[in-house]
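Here are my notes on this one, point by point. Have the coordinates open while you read.

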Amino acid sequence: MAQTGLTRIGLTLGPLFFHWPADRLRNFYNRIADEAPVERVHVGEVVCGKRMPFSDPAWPEIIERLERGGKEVVLSTLAAPATVRERRAIGELCADGCLVEINDITALPARSGRPFVAGPFLNVYNEATAHFLMRHGAATICPPVELSLQTVGTIAAACPETEFEVFAFGRLPLALSGRCYHARLHGLHKDSCQFTCEQDPDGLAVDTLDDQPFLAINGVQTLSAQVHAVLADPADLVALGIRRLRLSPHGCDMVEVARTYRTLIEGRQDAEGARFLLSCLDLPGTLVDGYARGEAGSRAALPA
Amino acid sequence: MVTGNEGGSLPVFAQRLLPPFAGLPLGPLLTQSLRSLARRRPGLFERLGEHGTARYLIDPTDLPFAFCVVPDGTASRVRVTGKGGAEPCDVVIRGPILMLLGILDGTLDGDALFFHRTISVSGRTEAVVALRNAIEDAELRPSDLLGLRGTLARFADAGILGGLSAVRHLAAGAPAREDGRA
Amino acid sequence: MSGSLELVCPAGTPATLRAAVQAGADAVYCGFRDETNARNFPGLNFSPREMAEGIRFAHGQGARVLVAINTFARAGDTDPWRRAADTAAECGADAVIAADIAVLDHMACQHPRTRLHLSVQAAAATPEAIGFYAKAFGVRRVVLPRVLSVQEIAALNRAIDVETEAFVFGGLCVMIEGRCSLSSYAAGRSPNLNGVCSPPEMVGYDEDAGGTAARLAGFTIDRYEPGEPVGYPTLCKGRFKAGDKAGYLFEDPVSLNAGSMIVALKAAGVTALKIEGRQRGKGYVTEVVRAFRRAVDAVERGHDPAEIDGMLAALSEGGRQTAGAYRKIWR
């Protein structure tokens with residue numbers, strides 16, 4: 001496997017947004033540990049605190065397995081904590097020796113002064129905010145998904161001491177709500193939701209009344225229906241100061257996704273070839289990359 | 001889009017009160033008024049920003065003609081046109097004249113009218129929004145548009161606004177606005 | 001302050017500011033005519049001169065002006081946001097409402113004497129997050145995300161020592177504000193990037209055999225039968241298909257009216273009540289502010305919630321209303 005050097009791009013497997021049963025989690029991460037050419041893997045629940053009792057027991061074994069596979073493990077934390085239990089969980093994770101990803105300012109007081117990853121749910125829109133978070137310990141910053149590569153480059157140029165990571169593959173995390181849309185769709189309340197989100201391992205597609213694929217719901221989260229894929233020339237990414245690409249787990253063959261990105265960043269495959277390979281996989285939507293180009297996120301990927 | 005008689009078209013007797021304009025003197029007159037308004041209150045037109053050069057077709061459904069307005073400050077133009085719709089424009093605003101005037105003097109909420117389809121709007125939505133917001137802040141009175149001052153202005157405002165309000169209530173069969181249910 | 005509820009009202013234009021003050025607003029919030037505020041619609045908002053005049057007018061009538069600089073500063077070009085903050089402070093704004101750490105940091109360093117309120121766009125909903133903003137920037141008040149129940153607000157107020165401001169009337173964002181990119185996904189511009197949601201220049205109403213389709217950047221947000229009143233295609237308020245269902249997937253086209261909750265919100269320790277609607281006309285603002293003035297005064301005199309609710313019932317505009325997340329069942 002390639003080493004992450006100063007001018008090499010690293011691959012990160014981001015946190016899983018969906019509610020998968022514990023068995024599926026174990027199988028998925030075992031295969032990632034053994035086969036996926038990624039340096040860093042995020043674990044933990046980000047979207048809904050109610051799912052934590054199901055996945056929590058599975059994580060210690062998964063973390064151990066990933067570390068044995070040579071992966072750097074990052075503990076991701078909730079993006080919209082509300083209950084006392086959720087806030088306490090964040091506090092406990094922030095106390096851990098592992099690298100932690102912060103997805104809400106709630107976690108900052110508990111983690112300030114020790115290294116953390118600033119996740120895409122934190123509003124890092126400019127270099128002043130990035131500097132502020134760096135002073136508190138941000139070692140990697142993955143800015144909000146709606147920022148273009150150019151904009152990330154502008155922030156990165158002002159913050160050479162920090163690693164910048166871009167959300168590079170997957171349905172885009174577009175919104176969070178206090179309300180659970182899976183529960184609402186099934187006529188249930190969030191407090192007694194029956195975990196219907198488990199039925200949709202990539203989220204549930206939302207089409208317009210004219211049958212245009214548009215969004216996807218995942219409990220309290222809304223994602224894009226389409227699959228965002230940043231497939232840029234690695235030299236361009238390096239020039240922009242982007243050091244890592246984040247791949248967001250979905251039901252398709254994520255090992256194959258990681259391999260495709262690996263061939264791209266190692267220059268063994270051009271962007272068009274990589275896009276073709278991705279499009280052959282069982283993706284939940286068509287490929288888009290508008291955000292990366294500073295356009296509407298739903299704009300279809302252009303030939304490189 | 002056709003608007004029915006509900007919601008404030010001119011009653012027939014009121015329509016008869018309007019002279020059957022050929023429209024000839026009206027365009028230059030309104031152009032003159034708009035430019036003079038721009039000289040007196042430039043801030044009003046600044047609010048329109050880039051939309052000041054947009055062409056707005058104002059089409060009162062109960063009048064035999066329409067207006068093409070370019071609200072470009074002291075270079076504003078108003079032309080009276082036919083109903084044919086051949087006129088190239090960025091925005092078309094169509095509705096009963098009393099409702100259009102009600103928006104102008106601020107007694108009616110443009111949002112509410114728009115969404116209840118008493119007034120139909122098509123074309124560049126952002127230009128419509130800019131115009132609505134500019135008018136909203138302008139607190140225009142009939143005398144402003146007619147370029148009148150002093151006693152004459154007070155007389156005109158009292159007469160026109162009072163008349164409008166009376167006719168509007170007659171036409172809409174609605175209670176007066178003051179009780180909070182416009 | 002004496003502990004009586006403060007009524008915070010919207011103003012999209014100087015005329016509306018004057019109308020809101022005259023209708024009984026304790027404070028008015030407004031923004032500059034650029035992308036530094038989250039209601040950056042064409043023709044709306046204040047020039048620096050209008051802001052200074054508006055603040056003078058409000059102060060003359062004993063009302064306060066809170067200036068919203070609540071979008072996120074653009075990378076490599078944060079000056080417009082700093083300038084807006086400087087201008088607000090120089091104009092004598094009673095507070096600046098901000099969400100971006102860059103703006104908060106600038107205010108705390110350059111204008112420590114101007115009160116800072118944390119915008120709803122910062123989505124701070126826990127004691128830890130609010131405490132952090134208070135400690136780092138001296139934030140004195142937090143505008144609460146519209147996803148909290150009254151019980152949660154009460155618990156929150158017991159755990160923090162800054163004031164809280166709660167939305168009670170107007171449009172209802174169903175997503176956590178400041179963390180929603182739906183608009184930029186569909187149309188390229190978003191609240192955080194540009195201060196607009198579902199931007200008007202991308203809106204189109206197309207007539208076809210089935211009636212009218214309201215579209216945003218080509219995506220059908222809703223459809224209407226011929227003659228049926230049309231709505232603005234705000235993304236999260238549209239009708240969509242999911243699974244085997246079609247309908248208002250995210251939120252029904254309702255607006256917030258928490259009039260019935262004023263007594264409970266006061267008991268929960270809320271300092272200020274906020275009315276949404278900087279894009280609304282002065283007729284609307286006057287009517288709503290007047291009604292809420294009466295209601296708040298009645299609450300202070302000890303009238304019961306049912307009476308208060310009755311005073312605000314006429315504000316429905318024929319549309320449907322909800323008490324939103326304040327009642328837990330909303331979720």
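1. Helices (H or I, at least four residues) and strands (E, at least two) are DSSP runs, numbered from the N terminus.

2. Some housekeeping. This is a predicted model, so local features need pLDDT of at least 70 and side-chain atom pairs count only at pLDDT 80 or more, while totals for chains, interfaces and linings use all residues. Residues are numbered from 1 along each chain as its sequence is written, chains are lettered from A and ligands numbered from 1 in the order in which they are written, and side-chain values use heavy atoms, with hydrogens and water left out.

3. How exposed is that first pair? Buried means under 20% relative accessible area, exposed over 50%, and partly exposed in between (1.4 Å probe, protein chains only). A:D34 is exposed at 52%, and A:R65 is partly exposed at 22%. Helix α1 of chain A (residues 22-35) also holds a local pair: A:R31 and A:E35 are four residues apart, so about one helical turn separates them. Their side chains meet in a salt bridge at 3.2 Å, N to O. A:R31 comes out partly exposed at 32%, and so does A:E35 at 36%.

4. Chain C has a charge pair worth a look. C:E163 and C:R141 form a salt bridge, with the closest N and O atoms 2.9 Å apart. Here strand β7 (residues 163-170) supplies C:E163 and strand β6 (residues 141-143) supplies C:R141, 22 residues apart. C:R141 is buried, with a relative accessible area of 1%, whereas C:E163 is partly exposed at 21%. Both belong to a network of salt bridges that links C:E6, C:R64, C:R115, C:R141, C:E163, C:E165 and C:K274. Over all chains, the rule gives 57 salt bridges.

5. On to the interface of chains C and A. Contact (heavy atoms within 4.5 Å) takes in 63 residues of chain C and 62 residues of chain A. The buried area, meaning the accessible area (1.4 Å probe) that two parts lose on being put together, summed over both, is about 5,100 Å², with 59% from carbon and sulfur atoms. Eight salt bridges cross between the two chains; one of them pairs C:R223 with A:D210, the closest N and O atoms being 2.8 Å apart. On the side of chain C that touches chain A, α5(C) gives the largest share, seven residues. By class, that side has 33 nonpolar, 13 polar and 17 charged residues. Here Ala, Val, Leu, Ile, Met, Phe, Trp, Tyr, Cys and Pro count as nonpolar, Asp, Glu, Lys and Arg as charged, and the others, Gly among them, as polar.

6. Now chains B and C. This contact draws on 23 residues from chain B and 34 residues from chain C, and the two chains bury about 2,300 Å² between them, 45% of it on carbon and sulfur atoms. The rule finds two salt bridges across the interface, including B:R47 with C:E50, closest N and O atoms 3.0 Å apart. On the side of chain B that touches chain C, α5 (110-115) and α6 (125-138) are the elements giving two or more residues. Of these, α6(B) gives the largest share, nine residues.

7. Leaving aside neighbours within four places in sequence, B:E126 is in contact with B:H51, C:P42, C:P200 and C:E201.

8. As for chain B overall, there are eight helices and five strands. Of the 182 residues of chain B, 47% count as buried.

9. Finally, two backbone spots to check. Phi is near 50° at A:F195, a positive value in a residue other than glycine, and likewise near 50° at C:A217. A:F195 is in the loop between α8 (181-185) and β8 (204-208) of chain A; C:A217 is in the loop between β10 (211-216) and β11 (219-224) of chain C. Most residues other than glycine have a negative phi.

Definitions and conventions. A salt bridge is a side-chain nitrogen of Lys or Arg within 4 Å of a carboxyl oxygen of Asp or Glu.
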